[in-house]
Structures are given as C-alpha cells and as structure tokens.
Amino acid sequence: MANDINRLIDMLYEKIEDAKSPALKPNMSVVDRDEMLDLLDELRAQLPVEIKRAQELLAAREKFVDEAKRDVDRMMRQAELEAKTKVSDSEVLYAAKEKARQIVAQAEERSRKLYQVANEYAEDALARTEEAVQAALDEVKESRVRFRTASAAKIQEQRDKLDGKNNPESPAGSN
C-alpha cells in the first residue's frame with residue numbers, strides 16, 4: 001500500500017514537471033485537470049488505508065510499550081520483593097548469629113562462674129576437712145598424752161605397791 005501511495009505521488013510529480021509553461025508565465029504550468037484529479041482521488045482513497053495501517057501500527061506499538069512497561073514494573077516489584085526478602089533473610093540470619101553469639105557468651109560466662117564456685121566450694125570443703133583432721137589429730141595427741149600420763153601413773157602406782165610389799169617399813173605394810 002505504501003508503494004501505491006509513493007507511486008501516485010511520483011506520478012503527480014512527473015506530470016507537474018512535464019507540464020508545459022505558457023509563454024508569458026514561466027512559473028506556471030498547464031496540466032490535464034481530469035488526469036490530476038483522478039490521481040488525487042486515487043491518492044485520497046489510498047491514504048485512509050495507509051493512515052489506518054499506521055494507526056494500527058501505532059496502537060500495536062503503544063500496546064507493546066504498555067505491556068513492556070507492565071512487565072518491567074512487575075519485574076521491578078518482584079526484584080524489590082526478592083531484595084527485601086534477601087535483606088530480611090540476611091537480617092534474620094544476622095540476628096540469629098548474634099543471638100547464638102550471645103548464648104555462647106552467656107554459657108561461657110556461666111561456665112566460668114560455675115567453675116569458680118566449684119573451686120571455692122572444693123577449697124572450703126578441703127579446708128574444713130583439714131581443720132577436722134587437725135582437730136582429730138590434736139585430740140589423738142591429747143589422748144596419747146593423757147594415756148601416757150595415766151599409764152605412767154598406773155605404772156608408778158604399781159611400782160609403789162610393789163615397793164611397799166617389798167619394803168615392810170612402808171606405811172602400807174605396817175597395818
């Protein structure tokens with residue numbers, strides 16, 4: 001169709017170029033009026049078809065552009081959502097790692113405190129045990145001293161008795 005319009009325009013151009021000029025008016029041309037009107041009618045008939053095609057192409061182009069814009073908008077929203085999700089996932093992961101780090105730090109601190117308390121308890125228990133053993137040892141030593149003293153007194157008493165029996169002059173034998 002575009003070729004038909006171009007062909008008709010070319011024919012009009014040739015007819016005007018080939019037209020003869022009157023002798024006294026060189027800027028004017030004489031053309032066959034009916035022939036020119038026929039070419040213009042044909043051109044007029046072709047133009048609405050061409051304009052309609054151009055309008056259809058423009059509408060199709062606009063539809064394509066609108067669809068492309070919608071696709072781009074949809075892809076942008078999807079990309080933003082995915083980015084937010086990744087940021088959110090990243091934030092959740094960071095928060096989880098931070099919470100895990102805090103839990104580990106608290107566990108290590110509690111372990112250190114429990115170790116310290118256990119050491120203090122063991123030290124205290126050993127000190128009390130040492131004191132109890134020392135007290136028992138002191139009691140054993142005192143018992144030994146008392147035993148030796150009592151034993152020495154008994155031995156002396158036995159000796160004295162024996163000496164009194166062997167010695168008639170003693171007051172025990174004079175009765």
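Student: Which residues make up the largest nonpolar core?
Tutor: In this predicted model, the largest nonpolar core consists of six residues, namely I5, L8, L12, M36, L39 and L43.

Student: And which helices supply them?
Tutor: Helix 1 (2-18) and helix 2 (33-166) each supply at least two residues of this core.

Student: What does M36 touch, leaving out residues up to four places away in sequence?
Tutor: With those neighbours set aside, M36 touches L12, K15, I16 and V31, and L12 is itself one of the core residues.

Student: Switching to charges, how many salt bridges does the structure hold?
Tutor: There are eight salt bridges in the structure, and among them is the one between D71 and R74, whose closest N and O atoms are 3.9 Å apart.

Student: How are D71 and R74 placed in helix 2?
Tutor: They are three residues apart in helix 2, so about one helical turn separates D71 from R74; D71 is partly exposed, with a relative accessible area of 36%, and R74 is partly exposed as well, at 46%.

Student: What about K113, which residue does it pair with?
Tutor: K113 forms a salt bridge with E109, with 3.9 Å between the closest N and O atoms, and both residues lie in helix 2, four residues apart, or about one turn of the helix.

Student: Which residues are in the network there?
Tutor: E109, R112 and K113 are linked in a network of salt bridges, in which K113 has a relative accessible area of 45% and E109 one of 32%.

Notes. Residues are numbered from 1 along each chain as its sequence is written. This is a predicted model: local features need pLDDT of at least 70, side-chain atom pairs count only at pLDDT 80 or more; totals for chains, interfaces and linings use all residues. Side-chain values use heavy atoms; hydrogens and water are left out. A nonpolar core is a set of buried Ala, Val, Leu, Ile, Met, Phe, Trp, Tyr and Cys residues joined through side-chain atoms within 4.5 Å. Buried means under 20% relative accessible area, exposed over 50%, partly exposed in between (1.4 Å probe, protein chains only). Contact means heavy atoms within 4.5 Å. A salt bridge is a side-chain nitrogen of Lys or Arg within 4 Å of a carboxyl oxygen of Asp or Glu.
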